[in-house]
Structures are given as structure tokens and as C-alpha cells.
Amino acid sequence: MNKKTIGIVGVGNVGSTLAFTLATKNICSTLLLKDVRENFVQAMALDISQATNAARSKTITKACLKNEEFKDCDVVIITAGIARKPGMSRDDLLLTNAKIMTSVINDILPNNKNAIFIIVSNPLDVMVYIALKASNLPRNKVIGMAGILDSARMSHFIFEKIGYGQGQIEASVMGGHGDDMVPLADFSTVAGVKLDELLSKEDVDDIVNKTKNGGAQIVKLLETGSAYYAPAYSTTLMIEAILEDKKKIYPCAIMLEGEYGYENIVSGVPVMLGSNGVEKVIELNLKEEQKKQFAKSVSSVQELVDILEEKFLNN
């Protein structure tokens with residue numbers, strides 16, 4: 001077990017599932033939980049702490065009711081934010097969650113200046129942008145979780161299509177976490193065999209479309225709420241790579257500084273994660289069609305950033 005402290009802000013379905021996973025896996029020595037619902041976060045801390053005792057884990061889980069209690073974290077995960085409600089416009093959701101993200105950063109940064117921040121709140125890429133602007137931290141220390149989740153969803157749909165290879169499927173998705181994400185079929189394999197050698201173009205296109213709508217499918221089936229097991233576990237992989245300095249390559253949302261030809265915009269690209277957060281950005285040799293798709297994805301994020309710049313950041 002790492003003698004490290006992990007903090008989670010927002011213990012809804014994703015945050016509490018993540019906390020349970022981290023605590024019972026004995027990944028860190030201390031786990032701090034923070035949420036605006038004081039009774040709820042205390043209940044989650046008690047429940048998870050009792051689970052760790054059943055698991056004989058040494059991780060200590062604490063609920064933090066004051067900002068000064070949430071301190072000295074090595075990694076902070078932010079899942080805070082609201083889901084879109086009936087009658088709420090996309091702009092309203094964006095601005096509300098931007099305010100929440102800025103408030104969270106302002107509350108916790110003073111006592112966690114050395115932390116690496118993992119953002120899970122939606123809209124993901126724009127929330128990473130907001131967190132960077134609010135914190136003034138370098139880009140390697142503010143990272144968005146989405147690409148691992150989207151790639152896992154693609155792997156599921158590949159298995160669903162071919163019916164074999166579970167545990168041997170490597171899928172790759174880049175771009176923003178939304179309808180314009182870019183599933184990379186020719187960078188995806190089953191036991192090392194390229195996807196286009198196993199499936200027809202029609203089948204691959206079907207997998208790509210299902211991947212783009214993977215989250216929406218779960219939302220539709222649940223009727224209230226959204227996915228939490230896969231997002232939480234995907235975040236766990238990022239945390240392990242950072243705390244254990246694994247130098248693992250994962251697709252994550254990061255501020256681009258010239259990579260792929262873009263500046264000052266956040267998008268999902270392959271990066272190497274280690275003890276310093278993002279330690280390297282991997283530039284894939286994309287085909288022309290993939291470059292166009294990536295450009296469209298970046299443009300979608302830029303539209304939201306422009307709204308923020310006009311209605312929030314410049315006010």
C-alpha cells in the first residue's frame with residue numbers, strides 16, 4: 001500500500017463507487033471524502049470504512065466537513081456537478097457546473113497545492129479547461145478521465161460483435177468525451193490482430209456508433225442517473241498509474257500545447273501517466289479522415305469554451 005492520501009470531492013454514484021474501490025483495494029493509506037451533503041458523506045465514509053475492515057484493508061476513510069480537513073492529498077478526484085434537468089438548456093448546465101468546479105478548486109487548492117487533479121465532472125473536457133484556469137496549475141497536474149472509459153466501452157462492443165477475446169481486446173478512443181469522440185478502429189486489436197482483419201467495415205462502423213452512444217444507452221435504460229462502475233474503475237487505473245509511477249499510456253483529456261496542431265484547448269489524447277501526472281503526450285500518426293474527425297471533436301469543445309469565455313470567465 002502506498003503511504004498516500006487520496007481525496008474525492010463529490011460522493012454520488014461515481015464518487016462513492018470510486019471510494020469503495022480504492023479503499024478495499026488498499027491503494028492508499030488515507031481516503032478523504034467531501035460533499036455538500038454533510039450527512040450523506042458521513043454515511044458513505046462509515047459504510048466504506050466498515051467495508052475496509054471486512055476486507056482487512058489498512059486504508060482509513062474520513063468524511064471532511066470543513067475545507068481545512070481536506071488537506072495534503074497526493075491525488076484529488078473531482079466528480080462534483082449536477083446532471084441536466086428537464087427544461088435546462090445545455091448552456092445552463094455548462095455554466096452551473098463551471099461555477100461548481102471553480103468553487104471546488106478555490107475551496108480545496110490552498111490545502112492541496114501539490115496534488116494532481118483528476119476531473120470526472122461533465123461536460124468533461126470543458127471542466128478540465130475550467131479547473132486549469134481556476135487553479136493556474138500546469139497541465140500535467142489537471143487531467144480528465146474519459147478516454148479510458150470510452151475505450152472500455154468500445155472494447156465491450158467489439159466483444160459483443162465477435163463473441164470472443166474477452167480480456168484480450170485493446171480499443172483506442174481519442175477526442176472529446178461526447179458525440180464527436182473519435183474511436184480509432186485501426187488502432188484497436190483483439191489479441192494483437194487488427195479489427196479490420198476480423199470484421200467488415202459495416203461491423204466496425206456499428207461498433208464505432210455504439211461506442212459514441214455507450215453512455216447514453218445506459219442513461220436511457222436507467223431512466224434516472226448514469227453509469228458509475230465503469231467510470232469509477234477507469235479513474236482507479238489513472239490513480240494507480242500515478243501513485244505507483246507506472247508510466248502507463250492511457251487516453252486522457254489534457255490541455256493541448258501544439259500537439260496535433262492545437263493550442264489552448266482540452267481534448268482526449270494518449271498520454272503517459274506517472275508520479276508527475278502527465279509525463280508525455282503521445283502523438284499518433286492519424287489518417288486524413290481521423291484528423292478531420294478529431295478536428296470536429298476539438299471544434300465541439302471550443303464552442304463550449306467560447307460560451308464560457310463570454311458568459312463566465314470574462315465576467
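Leaving aside its neighbours within four places in sequence, which residues is Asn-97 in contact with? They are Gly-81, Ile-82, Asn-122, Pro-123 and Met-127, where contact means heavy atoms within 4.5 Å. This is a predicted model, in which local features need pLDDT of at least 70 and side-chain atom pairs count only at pLDDT 80 or more, while totals for chains, interfaces and linings use all residues. Residues are numbered from 1 along each chain as its sequence is written, and side-chain values use heavy atoms, with hydrogens and water left out.

Asn-97 sits in helix H3, residues 90-108; helices (H or I, at least four residues) and strands (E, at least two) are DSSP runs, numbered from the N terminus. With a relative accessibility of 2%, Asn-97 counts as buried. The cut-offs are under 20% relative accessible area for buried and over 50% for exposed, with partly exposed in between, using a 1.4 Å probe and protein chains only. Val-142 is 45 residues away from Asn-97 in sequence, and their C-alpha atoms are 17 Å apart in space.

Two of the contacts of Asn-97, Asn-122 and Pro-123, are themselves joined by a cis peptide bond, with omega about -5°. Pro-123 belongs to the loop between strand S5 (116-119) and helix H4 (124-135). Most residues other than glycine have a negative phi, and most peptide bonds are trans.

Positive phi values occur at two further loop positions. Asn-26, in the loop between helix H1 (13-24) and strand S2 (30-34), has a phi near 65°. Its relative accessible area is 24%, so Asn-26 is partly exposed. Tyr-260 has a phi near 60° and lies in the loop between strand S12 (248-257) and strand S13 (263-274). Tyr-260 counts as buried because its relative accessibility is 16%.

Helix H8 (residues 229-243) holds Ser-234, which is buried at 5% relative accessibility. Beyond its neighbours within four places in sequence, Ser-234 is in contact with Met-145, Ile-148 and Leu-149.

The nonpolar interior comes next. In soluble globular proteins, nonpolar side chains tend to be buried together. A nonpolar core is here a set of buried Ala, Val, Leu, Ile, Met, Phe, Trp, Tyr and Cys residues joined through side-chain atoms within 4.5 Å. The largest such core has 87 residues, and Leu-33, Ile-78 and Phe-117 have the most contacts inside it. Not counting residues up to four places away in sequence, Leu-33 touches several residues, including Ile-8, Val-11, Ala-19, Val-41, Met-44 and Ile-48. A second, separate core has 15 residues, among them Ile-169, Leu-195, Leu-199 and Val-208.

Over the whole chain, the secondary structure comes to nine helices and 14 strands. Of the 315 residues, 51% count as buried. Among contacts between residues at least 6 apart in sequence, 71% join residues at least 24 apart.

The C-alpha atoms fill a box of roughly 55 × 50 × 40 Å along the principal axes.

The accessible surface comes to about 14900 Å², of which 48% belongs to carbon and sulfur atoms; areas come from the Shrake-Rupley method with a 1.4 Å probe, and for residues only the protein chains shown count as cover. The chain has 34 positive and 38 negative side chains, with the centres of the two sets 5 Å apart. Lys and Arg count as positive and Asp and Glu as negative, while His and the chain ends are not counted; the charge is placed at NZ of Lys, CZ of Arg, CG of Asp or CD of Glu.
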